[in-house]
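Dear colleague,

Here is the structure I promised to pass on. Please open it first, then read my notes below.

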Amino acid sequence: PPEPPPPVCPKCGSDKIGDRHTLTAYSMYGEGIKDDPDFKQKRQNGKCVHPDTLIQTAEGRIRIGDLTYGQPAGEFLPIQGGLEVRGPDGFVPAIETYEGGEKPLFHVVTRRGVVTCTENHLFAMADGTLRSIKDGLSAGDALRELEPLTDDVRPFPTLLHKAVPTLPPLQIPLSNDTAYFAGLHAGDGASNMSSVSITHGPVGKVDDLGTPYEVWQSILVDACERIGLRPVRSVDHIDIGSRIMLRWMETLGLVHGARRTFRVPRWVLSAGREAALHYLGGLVDTDGYLTVGGDTSITTKDFVFGGQIAELFRSVGCTSTVAPTWNKTYKRWYLKVSIKRREGVLLRPYMRNPGKVARVSSTDTAYDRWTHDVLLITPAGEGRCVDLHLSDDRHLYLTNGLTTHNTTNFAL
């Protein structure tokens, strides 16, 4: 008798081998695909998202790029130890990672969030179908609505920092105050290769909300001193250190070289809801805008960061709303991420800017009724992209909160 098939595919490590692999291919491309001369290359057409896209695991939100991937591009790598990621109806097993390599990427901006992905990445539509940019996804299309998925509170992780090459690494004491400082720096931080600072308006004047900059400067100084820093006051900023400080902040994930990363730090994501609220408090206090009526928003030119912020708002119980705006002066798109007016009260205990705190309102606004539509699709340049392979019939999981389709592995 013929020998039984091996338990896993010798090429990709998947347990979905033999006829089931072929059936998976047929389900994706139709049975006629078997006559396509490029049939065996179809597994290379991974859908893929930007590595800094947030996914939800049982241990909280993580960047999908922080998982382990194989080489070269187009390879699947079995996930060791088990991993479950959030799908539209609960957690589903992820069995492999997929390295997509360098590909043209696009920002897909919807009313609820942003996913940066390839043209092949499939989105779950409101009518239950799947559609990619290559399939005709365009502005005005209605997507599946998002589910409110508030995060838990977890301990801060251990973060080691090697301050001096000749000495052992030291543990950075992470706290909610550190998370607030990280938000401040993301909003108004400034650095070069020899100094780090947080900027503000000139002392002796007041901001648009009537707060004297001298008062705000003292709040910034206090925020730094709470985490052990020794800031020095200046006319329009506070100096918080030099090259040694820059290396410390790089360990925190706040800078890369001398430039701000514009990414939510991994340790903030790991610690969950309270850390996220303090981070958002610092970000709103510096870079946020509150109208007279209490509408709260953050504007950024980094669409990947904007997608993370929209998802971070959701992780603390807010309903984020996203709107792209064209800046005529700089001739580029910006992204405005807002929350419902009444949800500002969730952030108020974590904010320290007195003028902005005073504007927080608990009243409601009409945009609660807006549908989840695609607003803009714009090129994002060439970049690395990755994906997962799920052991689930629907192959759907949440990327920055939006329901999308994974890259399916089939061996032929």
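Gly-82 is exposed, at 55% relative accessibility. The residue sits in the loop between β3 (76-78) and β4 (84-87). Ala-94 is 12 residues away from Gly-82 in sequence, and their C-alpha atoms are 7.4 Å apart. Keep in mind that this is a predicted model.

Now to a residue on the other side of the cut-off. Is Glu-99 buried or exposed? Glu-99 is buried, because its relative accessible area is 2% and the limit for buried is under 20%. This residue belongs to strand β5 (residues 90-110). Beyond its neighbours within four places in sequence, Glu-99 touches a run of residues made up of Tyr-69, Gly-70, Gln-71, Pro-72, Ala-73, Gly-74 and Glu-75. Glu-99 is also in contact with Arg-384, Cys-385 and Val-386.

Next, the salt bridges. How many does the structure hold? The count is 18. One of them joins the side chains of Asp-89 and Arg-394, at 2.2 Å from N to O. Asp-89 is in the loop between β4 and β5, and Arg-394 is in the loop between β21 (374-390) and β22 (396-399), so this pair ties together parts 305 residues apart in sequence. Asp-89 counts as exposed, at 59% relative accessibility. Arg-394 is partly exposed, at 41%.

A second pair is Arg-154 with Asp-151, where the closest N and O atoms are 2.8 Å apart. Arg-154 is buried at 18% relative accessibility. Asp-151 is buried too, with a relative accessible area of 10%.

On to the sheets. Four strands make an open sheet, ordered β11-β12-β14-β13, with antiparallel pairing. Which strands stand at its edges? They are β11 (189-192) and β13 (232-233); each has a single partner strand, so one side of each lacks a neighbour in the sheet. β13 pairs with β14 (residues 237-241) over two bridges, in the antiparallel sense. Within that pairing, Val-232 has Asp-239 of β14 as its bridge partner.

A helix covers part of this sheet. α3 (residues 213-225) lies across β12 (195-199), β13 and β14. The angle between α3 and β14 is about 15°.

β17 (residues 288-290) and β18 (residues 296-300) pair antiparallel over three bridges. Leu-290 has Thr-296 in β18 as its bridge partner. The two strands form a hairpin, with five residues between them. Gly-294, in the turn, has a positive phi of about 105°.

β18 has a further partner in β20 (residues 332-339), again antiparallel, this time over five bridges. Thr-300 stands opposite Leu-335 of β20. Why is β18 described as largely enclosed by the rest of the structure? Because four of its five residues are buried.

Last, a helix pair. The axes of α2 (residues 176-188) and α6 (residues 273-287) come within 7 Å and cross at roughly 35°. The crossing of α2 past α6 is right-handed. From α2, the residues in contact include Asn-176, Ala-179, Tyr-180, Gly-183, Leu-184 and Asp-188. On the α6 side, they include Glu-274, Ala-275, His-278, Tyr-279, Leu-283 and Asp-287. The residues of this contact divide into eight nonpolar, seven polar and four charged.

Start at the pair Asp-89 and Arg-394, which joins parts 305 residues apart in sequence. Then go to the hairpin of β17 and β18. Finish where α2 crosses α6.

Best regards

Definitions and conventions
Residues numbered from 1 in each chain as written. Predicted model: local features only at pLDDT ≥ 70, side-chain atom pairs only at ≥ 80, totals over all residues. Heavy atoms only, no water. Pairing = 2+ DSSP bridges. Contact = heavy atoms within 4.5 Å. Axes fitted to C-alpha atoms, helices over the stretch in contact; angles between N-to-C directions. Buried < 20%, exposed > 50% of the residue type's maximum accessible area, 1.4 Å probe, protein only. Left-handed = near helix turned anticlockwise from the far one by under 90°. Nonpolar A, V, L, I, M, F, W, Y, C, P; charged D, E, K, R; others polar. Salt bridge = Lys/Arg side-chain N within 4 Å of Asp/Glu carboxyl O.
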